[in-house]
Amino acid sequence: MRLDTVVKFYSESERHYDPKAHGYVGGVTLVATVMANVTELGTNRSMELLGSYTANSKVVRLVDSVPSKWSYLMIGDKKYRLQTSRQTQKMTSLLVGEG
């Protein structure tokens, strides 16, 4: 399995004024950048797992663990949100959909 795709994890938090930092903090922040194996989720498998066909669903396989707090991930210039995940001894698999 080749880890040939760059995946960036982002966190969304509410922007607010922090008097200690003398400015606004929060918003979108980059949590982690990792290499992953990314494949398309087939139509048959999508029907089995989700009960419906959702276009542009992908399976992201990571050797390292997933960051603890993240809101969405970016693959290229597209934003994906988590639908389900699986943790095995060797890797973590995320099923993500556009959105």
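S85 stands opposite L94 in β6. The two strands involved, β5 and β6 (residues 92-98), pair in the antiparallel sense over seven bridges. Strands count as paired if DSSP finds at least two bridges between them. Strands themselves are DSSP runs of E of at least two residues, and helices are runs of H or I of at least four, numbered from the N terminus. β5 and β6 form a hairpin, with four residues between them.

The model is predicted; local features need pLDDT of at least 70, side-chain atom pairs count only at pLDDT 80 or more, and totals for chains, interfaces and linings use all residues. Residues are numbered from 1 along each chain as its sequence is written, and side-chain values use heavy atoms, with hydrogens and water left out.

The six strands close into a barrel in the order β1-β2-β3-β6-β5-β4, with antiparallel pairing. From one strand to the next, the twist averages 45°. Of the 99 residues, 32% count as buried. Buried means under 20% relative accessible area, exposed means over 50%, and partly exposed lies in between (1.4 Å probe, protein chains only). Among contacts between residues at least 6 apart in sequence, 54% join residues at least 24 apart. A contact requires heavy atoms within 4.5 Å.

Strand β2 is joined to antiparallel β3 (residues 57-62) by four bridges. Here E40 has K58 as its bridge partner in β3. β4 pairs with β5 (residues 78-87) over three bridges, again in the antiparallel sense. L73 has its bridge partner, Y80, in β5. β4 and β5 form a hairpin with two residues between them, and G76 in the turn has a positive phi of about 70°.

A positive phi also occurs at H22, which is not a glycine; its value is about 60°. Most residues other than glycine have a negative phi. H22 lies in the loop between β1 and β2. H22 is exposed, because its relative accessible area is 66%.

A search of the whole structure finds three aromatic pairs. One of them is stacked: Y10 and Y72 lie 5.4 Å apart, centre to centre, with 15° between the planes. This pair links distant parts of the chain, with Y10 in strand β1 (residues 5-18) and Y72 in strand β4 (residues 72-75), 62 residues apart. Y10 counts as buried because its relative accessible area is 18%. Y72 is buried too, at 6% relative accessibility. Another of the pairs, Y17 and Y24, is edge-to-face, at 5.6 Å centre to centre and 75° between the planes. Y17 is partly exposed at 46% relative accessibility, whereas Y24 is exposed at 57%. Rings of Phe, Tyr and Trp (its six-membered ring) pair if their centres lie within 6.5 Å; planes under 30 degrees apart count as stacked, over 60 as edge-to-face and the rest as tilted.

Y72 also carries a charge over its ring. K79 lies over the face of Y72, at 4.4 Å from the ring centre. The criterion is NZ of Lys or CZ of Arg within 6 Å of the ring centre and within 35 degrees of the ring normal.

Two residues of β2 were examined in detail. V28 lies in this strand. V28 is exposed, because its relative accessible area is 51%. Not counting residues up to four places away in sequence, V28 touches Y10, S11, E12 and Y72. V28 and R15 are 13 residues apart in sequence, and their C-alpha atoms are 8.7 Å apart in space.

N37 also lies in β2, which spans residues 23-40. At 12% relative accessibility, N37 is buried. The N37 side chain reaches the backbone oxygen of R2 at 3.0 Å. A polar contact is a pair of N or O atoms within 3.5 Å; within protein, one must be able to donate a hydrogen and the other to accept it, and residues adjacent in sequence count only if both atoms are side-chain atoms. Beyond its neighbours within four places in sequence, N37 is in contact with M1, R2, L3, V59, V60 and R61.

Definitions and conventions: Axes are lines fitted to C-alpha atoms, for helices over the stretch in contact, and angles run from 0 to 180 degrees between N-to-C directions.
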